[in-house]
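Subject: Structure handover

Hello,

Here is the structure I promised you. Please open it first, then read my notes below.

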Amino acid sequence: MLCKGLDERGVVFYTNYGSDKARALEANPRAAVTFPWIAIHRQVHVRGAVTRVSPAETAEYWALRPRGSQLGAWASDQSRPVADRRAMADRFAEVEARFEGADVPVPPEWGGYRIAPEVVEFWQGRENRVHNRVRLVAPDFVPFRLQP
Ligand SMILES: Cc1cc2nc3c(=O)[nH]c(=O)nc-3n(C[C@H](O)[C@H](O)[C@H](O)COP(=O)(O)O)c2cc1C
């Protein structure tokens with residue numbers, strides 16, 4: 001997933017609300033995200049409760065997406081089966097024709113989720129696997145160290 005928002009409210013990503021992951025999140029609205037920087041042996045991990053971002057916030061981000069990505073989102077019922085590649089190309093051509101000469105609106109099944117941080121952990125790889133782990137927990141986020 002691409003991280004498309006990051007501030008004190010949490011980590012935002014955008015997807016199809018009918019996708020497998022969205023259905024899983026509606027049933028159990030919790031998620032974790034890990035940002036790895038493998039070359040420098042670091043990662044940041046965040047986990048917490050998930051909520052949908054507001055339609056207004058989704059619309060704001062949607063307007064920044066390239067038109068091709070907007071059309072692609074309309075063309076894809078994400079995570080649901082399709083006969084073959086040709087059928088996807090046909091779906092894309094259909095939406096391209098439908099919105100020709102007009103702005104592409106936000107699809108009804110598309111939008112963002114925000115993971116509100118309850119646990120944040122900074123990890124730094126160290127020699128002999130005696131790594132550094134520093135965790136911060138809501139609501140005060142006072143850092144403390146964990147054994148690796
Ligand atoms: C680099 C990369 C970035 C991706 N970003 C997104 C994204 O922002 N939103 C999204 O819905 N899928 C994204 N995907 C596709 C997802 O990994 C996944 O295949 C898709 O969301 C369907 O997952 P699901 O069937 O479990 O719901 C990305 C894939 C890659 C490789």
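A polar contact here is a pair of N or O atoms within 3.5 Å. The model is predicted, so please read every value below as computed from the predicted model.

**The ligand**

An oxygen atom of the ligand sits 3.3 Å from a polar backbone atom of aspartate 20. A nitrogen atom of the ligand is 2.9 Å from a backbone N or O atom of tyrosine 14. Serine 79 uses its side chain: a polar atom there lies 2.5 Å from a ligand oxygen. On its own, the ligand has 620 Å² of accessible area, and the protein covers 48% of that. Two elements, S2 and helix H1 (20–27), each give two or more residues to the shell around the ligand.

Which residues are around the ligand? They are Met1, Leu2, Tyr14, Thr15, Ser19, Asp20, Lys21, Gln78 and Ser79. By class, the shell has 3 nonpolar, 4 polar and 2 charged residues.

**Backbone points to check**

Most residues other than glycine have a negative phi, and most peptide bonds are trans.

Serine 79 is in the loop between helix H3 (67–75) and helix H4 (85–98). It is partly exposed, with a relative accessible area of 41%.

Arginine 129 also has a positive phi, near 60 degrees. Its loop runs between strand S6 (119–124) and S7. Is arginine 129 buried or exposed? Arginine 129 is exposed, at a relative accessible area of 72%.

From alanine 138 to proline 139 it is cis, with omega near 5 degrees. Proline 139 lies in the loop between strand S7 (132–137) and strand S8 (144–146).

**Helix H2**

H2 covers residues 55–62, and its buried residues are Thr58, Tyr61 and Trp62. They span an arc of only 100 degrees around the axis, so they are on the same side of H2. Ala56 and Glu60 are exposed on the other side of H2. What do the buried residues of H2 pack against? Their partners are strand S2 (10–16), H3 and strand S5 (110–115).

Best wishes

Notes
Residues are numbered from 1 along each chain as its sequence is written. This is a predicted model: local features need pLDDT of at least 70, side-chain atom pairs count only at pLDDT 80 or more; totals for chains, interfaces and linings use all residues. Side-chain values use heavy atoms; hydrogens and water are left out. Helices (H or I, at least four residues) and strands (E, at least two) are DSSP runs, numbered from the N terminus. Buried means under 20% relative accessible area, exposed over 50%, partly exposed in between (1.4 Å probe, protein chains only). The arc is that of the directions from the helix axis to the C-beta atoms. Contact means heavy atoms within 4.5 Å. A residue is near a molecule or strand if one of its heavy atoms lies within 4 Å of it. A polar contact is a pair of N or O atoms within 3.5 Å; within protein, one must be able to donate a hydrogen and the other to accept it, and residues adjacent in sequence count only if both atoms are side-chain atoms. Accessible areas come from the Shrake-Rupley method with a 1.4 Å probe; for residues, only the protein chains shown count as cover. Ala, Val, Leu, Ile, Met, Phe, Trp, Tyr, Cys and Pro count as nonpolar, Asp, Glu, Lys and Arg as charged, and the others, Gly among them, as polar.
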